[in-house]
Amino acid sequence: MSAITAGADEVGRLNAAYADVLGVHRRQFLWPVGLLVLVVVYLAYAFFAFNVPDLIAKSRLDRGILLGLDSVAYKVHVEKNLRRDRFEVAVEGERTATYAEDALPDWVTVTGPNGYEGRVDIEMSGGYRFTIEGESLTITGPDLSTPFVATAGGREVVWTGDVPTWVDLDPRKVEARPTLFDRVQVTSGRILVFRYFWGWEDFWYDFRSPLNGLSSGDLWALAWSDDRIDPDMSNAAFIFSEFWGNEGWQHGDVFKALLETVIMAFLGTVVAAFVGLPLAFLAAANFNPEPVSRFLIRRFFDFVRGVDMLIWSLIFIRAFGLGPLTGVMAIAVTDTGTLGKLFSEAIENVDNKQVEGMQSTGASALTRYRFGVIPQILPVFISQSLYYLESNTRSATVIGALGAGGIGLKLVETLRTGKDWENTLYIIILTLLVVIAMDITSGWLRRKLTGVARD
Amino acid sequence: MAMTTVDQLQAHASSLERRRRFYTGLGAAIFALLVVLGFIGAEEMNSGGFIQGLDNFFDYPRAIVVETADAGTGWFDLLWVYLPALIETINMAAVATIFGTVFAVVLSFAGTRGLQVWPPIVPVARRIMDVTRAFPELILALFLIFVLGSSPVPAIIAVAFHTAGALGKLFSEVNENIDRGPLEGMTAAGASWTKRMRWAVLPQVLPNYTSYMLLRFEINIRASAILGFVGAGGIGTELRKAISWANGADIAALFVLLFLTIMVIDQISGRLRRRLVGGMFAGAR
């Protein structure tokens with residue numbers, strides 16, 4: 001396929017012949033350029049109004065990387081505490097996830113009577129080896145010609161040997177991190193080694209649970225065996241309750257919080273839709289000829305919509321306390337305004353012929369509404385309610401974070417402790433899955449109920 | 001074709017009718033059950049009950065109104081004091097809307113089959129829109145505040161991120177519903193892809209784009225105010241301070257400012273949108 005081409009003289013002739021038409025085209029070309037300039041100027045103003053250069057200077061990208069790592073990896077602490085005469089290997093340093101002295105992980109080797117008095121060799125990931133003996137830590141590795149030694153016993157930490165770039169030297173705290181996955185801190189009373197591993201630790205079962213570390217095949221076999229672990233319940237129930245009650249991950253609590261959020265969105269939207277519909281009839285000019293009440297209802301819609309969900313939820317949290325009911329009220333009140341307005345517009349656009357047809361057969365007012373009006377506004381009613389159901393699932397997480405409860409509050413809590421980023425990621429993933437599921441469900445219902453191929 | 005008597009037809013029709021009624025009834029019953037169970041559950045999980053809550057529902061607004069009345073004419077100065085915070089919130093929303101719209105246009109063009117951008121990218125762009133749309137602004141904002149520190153920028157990024165997906169979906173629906181006549185005409189005349197988009201597609205989609213963008217701007221003002229509440233600056237931050245210090249007059253001033261802004265923007269954008277696309281405009285958030 002080839003385009004029709006015109007020579008330069010031909011173009012000139014066409015330009016002259018259709019000057020008025022092409023002139024419009026050129027003028028139309030000017031305003032987008034002007035608009036673009038305006039936007040660029042505005043963004044430049046905003047760039048400095050929000051003090052972006054300062055923000056970039058102060059931002060902690062390294063912190064972001066560590067957070068990212070922490071949310072997809074876990075660390076095992078190997079600690080020698082000189083003040084408390086203690087040696088411990090524990091997942092995330094948790095008291096409840098401490099390895100027994102005779103069952104240490106295979107990358108920790110103890111030579112001598114025990115971990116505190118003897119020598120501990122720790123095999124790290126990047127070919128490095130950390131050795132704790134007495135009060136000193138020795139690092140050997142591929143890029144070290146002589147071992148780096150830090151000694152913790154005195155008032156200050158002292159060091160000898162080759163000092164690589166990945167060591168942070170400070171008499172109060174020497175910190176070394178040869179790779180992202182190997183890290184050690186030496187302070188005057190303590191040597192603390194962290195070794196990182198990919199994955200979420202003890203996601204299914206607590207460290208101390210008898211089920212920890214079992215494969216799914218083992219669990220399956222266990223569920224069907226008559227040999228009860230807990231004499232009070234069947235193995236299948238035990239397997240479930242151990243998972244549900246996992247202390248680190250709190251699957252049961254997270255599920256309950258998600259349920260609260262979904263309840264908030266669902267009930268809030270239902271109440272808004274069913275309160276908004278009758279009010280919408282009162283706000284529609286073709287059904288309520290009385291202007292004063294119509295005006296009042298419309299301003300009521302504008303008011304509850306304009307006050308905003310943020311303010312409503314703050315007021316309702318004061319009145320009803322924390323919990324899903326508060327969220328339901330906030331969503332219901334705000335969306336009564338939004339949905340009421342949308343419905344009343346739909347009602348005003350109703351085709352009057354069907355109502356008149358019903359009237360000519362002598363139908364009562366109620367029958368006229370039922371068969372003349374409702375079938376016309378039902379598609380709008382259903383599709384808008386479902387749209388808002390999906391959007392309110394998102395709003396419910398936000399209201400939750402303000403204090404109403406549910407998954408939003410759970411998220412704020414885990415963020416505040418700032419320790420378990422893997423829990424935060426877990427909650428974020430679950431929230432996203434719920435929102436996407438609501439989106440898919442409401443889209444599917446919308447197509448089913450309104451009989452439209454696409455929304 | 002087999003002969004069918006009127007009786008048979010009638011029997012068939014009434015059986016269909018009965019089945020339809022049964023399914024409608026079943027659906028309604030399940031729906032009612034869900035509502036009742038939901039309310040029972042919500043009432044149980046709430047820390048304060050519904051009935052005693054109703055009694056003190058007006059306490060808080062009353063306290064605010066009383067303190068505002070006590071402040072007298074000095075209260076109007078407060079509106080002036082908080083104006084910069086309001087402007088910051090509006091700026092946050094505006095910048096987020098601009099960036100969000102730009103990304104949304106790119107995503108929606110890439111995600112529409114009929115626009116012949118590059119077929120393999122269509123499903124990719126659609127999935128990206130699904131995911132960014134599902135992100136509640138708050139989640140991303142909280143995370144970014146942790147990394148970048150308390151400032152409006154994390155909120156802007158979070159709001160823009162969500163806007164890209166939400167607007168992208170609406171834009172790609174607009175793209176799919178265009179009249180393909182002009183596009184075919186331009187293709188037949190041998191116009192390049194840029195020219196086809198500029199002269200056959202943009203004039204058709206721009207009014208709808210602008211109208212959706214205005215609607216989004218209004219929503220983003222609300223979102224920015226809420227994000228201020230978790231430390232992103234602007235009017236939300238001031239509101240949280242006022243609430244934790246229980247300054248009734250300040251709370252009232254901030255409520256009024258927020259309310260007026262939303263009302264004004266709502267009215268202006270409503271009018272503009274009606275002029276752009278005409279008739280009823282049912283917007284989805």
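## Secondary structure and dimensions of chain A

Chain A of this predicted model contains 13 helices and 12 strands; helices (H or I, at least four residues) and strands (E, at least two) are DSSP runs, numbered from the N terminus. Its C-alpha atoms occupy a box of roughly 100 × 85 × 55 Å along the principal axes. The radius of gyration of chain A is 34 Å, whereas a compact globule of 455 residues would have a value near 23 Å; the radius is taken over C-alpha atoms, and the globule rule is 2.2 Å times the number of residues to the power 0.38.

Chain A is divided into domain 1 (76-198) and domain 2 (251-450), with bounds that come from an automatic or database domain assignment. The C-alpha centres of these two domains of chain A are 56 Å apart.

Of the 455 residues in chain A, 47% are buried. Buried denotes under 20% relative accessible area, exposed over 50%, and partly exposed in between (1.4 Å probe, protein chains only). The accessible surface of chain A is about 23,300 Å², and carbon and sulfur atoms account for 61% of it; accessible areas come from the Shrake-Rupley method with a 1.4 Å probe, and for residues only the protein chains shown count as cover.

Among contacts (heavy atoms within 4.5 Å) in chain A between residues at least 6 apart in sequence, 54% join residues at least 24 apart.

## Chain B

Chain B has 12 helices and 0 strands, so its pattern along the sequence reads α-α-α-α-α-α-α-α-α-α-α-α. The C-alpha trace of chain B spans about 85 × 60 × 40 Å along its principal axes.

Buried residues make up 48% of the 285 residues of chain B. Chain B exposes about 14,400 Å², with 69% supplied by carbon and sulfur atoms. For contacts in chain B between residues at least 6 apart in sequence, 73% join residues at least 24 apart.

## Interface between the chains

The size of an interface is often given as the accessible area lost when the parts come together. Between chain A and chain B the buried area is about 6,700 Å², of which carbon and sulfur atoms give 72%; this area is the accessible area (1.4 Å probe) that two parts lose on being put together, summed over both. A:Phe50, A:Phe320 and A:Leu325 supply 10% of the area that chain A buries against chain B, more than any other three residues.

In terms of contacts, 75 residues of chain A meet 69 residues of chain B. One of the residues of chain A in contact with chain B is A:Ile315, which lies in helix α8 (residues 291-320) of chain A. Leaving aside neighbours within four places in sequence, A:Ile315 is in contact with B:Phe57, B:Tyr60, B:Pro61 and B:Phe255. A:Ile315 counts as buried because its relative accessible area is 9%. A:Ile315 and A:Thr326 are 11 residues apart in sequence and 9.2 Å apart in space, C-alpha to C-alpha.

## Nonpolar cores

A nonpolar core is a set of buried Ala, Val, Leu, Ile, Met, Phe, Trp, Tyr and Cys residues joined through side-chain atoms within 4.5 Å. The largest such core has 122 residues, and those with the most contacts inside it are A:Phe50, A:Leu310, B:Leu227, B:Leu239 and B:Ile251. A second, separate core of 31 residues includes A:Val78, A:Val89, A:Val120 and A:Val186.

Not counting residues up to four places away in sequence, B:Ile251 touches B:Tyr60, B:Ile64, B:Leu239, B:Ala242 and B:Ile243.

## Individual residues of chain A

A:Thr334 is found in helix α9 (residues 324-348) of chain A and counts as buried because its relative accessibility is 4%. Beyond residues up to four places away in sequence, A:Thr334 touches A:Val304, A:Arg305, A:Asp308, A:Met309 and A:Trp312.

Most residues other than glycine have a negative phi. A:Asn51, not a glycine, has a positive phi of about 60 degrees; A:Asn51 is in the loop between α2 (19-49) and α3 (52-58) of chain A and is partly exposed, with a relative accessible area of 42%. A:Asp85, also not a glycine, has a positive phi of about 50 degrees. A:Asp85 lies in the loop between β1 (73-81) and β2 (86-91) of chain A and is exposed, at 53% relative accessible area.

## Conventions

Residues are numbered from 1 along each chain as its sequence is written, chains are lettered from A and ligands numbered from 1 in the order in which they are written, and side-chain values use heavy atoms, with hydrogens and water left out. In this predicted model, local features need pLDDT of at least 70 and side-chain atom pairs count only at pLDDT 80 or more, while totals for chains, interfaces and linings use all residues.
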